[in-house]
Amino acid sequence: MLEGLPPHRPSHVLRLLTDERSARAMTDLLGEMFDPTETAVAAFEDEDGRTWRLEAYFADEPDEDYVRALIRPVIGDAADAAEFRTIAQQDWVRASLEGLKPVRAGRFVVHGSHDRDTVRANDLPIEIEAALAFGTGHHGTTLGCLRALVSELKRRRPAHVLDVGTGTGILAFAAAKALRQPVVAGDLDAEAVRTARENARANGLGPYLKLYQGPGVRHHLADRPRHFDLVFANILARPLRLLAPTLAGVVAPEGVLVLSGLIERDVSGVLSAYRAQGFSLVRRGLIEGWVALVLMRGGAARRPRR
């Protein structure tokens, strides 16, 4: 599980071993207390099945005393064992390479350049720079959306696709690879848009990506009422709730909306916001504590599949 998007070039990291409950509590706490564009917090289960590893990446040097004070109510004196380290750029790239194993969802395979030989003849490969490992489908939110795309492609071929909050561009690339048609993708962060554009060129998808910078769908490429029959929004719960009216407005009749960036406690509030806009839950998936919701405009809901 991960809260926030990692800084493009993180300079410092906090590492701490703890239990699952504490790891999840600190992930939520640090994710709320720090700017998500400058900090990312991740928690992973170790191989022993009991210990959890908390890692927080910072774009700038953090105030160690302040961070320890924040987490002390959660883990007590164990806060003193928190390890803060400076990350050399080469260390970041090496660590990313070590952790970046190919990820598969149907025919899609997301990989680094060092794993090109794992791509099979019938795969739809997407290659992402290793130093951007958190944006490559390894995170449960992105993988959940990729699996939702696989299911949607078995049902039909969407004519118009939109990816809101595209990040490194993974979901837009996958749709463009499968459909061989233009996909609209946008992000609030100019750095994310630049990265997505570079990744699109590297994957031979430049002509298929219509990229924009802006919040939500506030751009002429995206602000097209009832136009998109497949919309991805892999962001976080609060902006998803706030964006409900405008996102709903661009989904075509019988269109599908895939929402992620949610933990389970967020689901009821987000569903309520979109049900008010006339959407029904079709399916939900859970990966590493993160939920992906597939919604459809209008009509009675099909029984959600897990």
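Two strands count as paired if DSSP finds at least two bridges between them. Helices (H or I, at least four residues) and strands (E, at least two) are DSSP runs, numbered from the N terminus.

Welcome to this predicted model, where local features need pLDDT of at least 70, side-chain atom pairs count only at pLDDT 80 or more, and totals for chains, interfaces and linings use all residues. Residues are numbered from 1 along each chain as its sequence is written, and side-chain values use heavy atoms, leaving out hydrogens and water.

Let us start with the sheet. It is open, built from 3 strands in the order E6-E7-E8, with mixed pairing. Strands E6 and E8 sit at the edges, each pairing on one side only. From one strand to the next, the twist averages 20 degrees. Axes here are lines fitted to C-alpha atoms, for helices over the stretch in contact, and angles run from 0 to 180 degrees between N-to-C directions.

E6 and E7 pair in the antiparallel sense over 3 bridges; Val 110 in E7 is the bridge partner of Val 103.

| Helix | Strands | Angle |
|---|---|---|
| H4 (residues 140–155) | lies across E6 and E7 | about 30 degrees to E6 |
| H5 (residues 170–179) | touches E7 and E8 | about 150 degrees with E8 |

Finally, look at Thr 142, which belongs to helix H4. Thr 142 is buried (under 20% relative accessible area; exposed is over 50%, partly exposed in between, with a 1.4 Å probe and protein chains only), because its relative accessible area is 9%. Its side chain makes a polar contact of 3.5 Å with that of Asn 234. Such a contact is a pair of N or O atoms within 3.5 Å; within protein, one must be able to donate a hydrogen and the other to accept it, and residues adjacent in sequence count only if both atoms are side-chain atoms.

Notes. Contact = heavy atoms within 4.5 Å.
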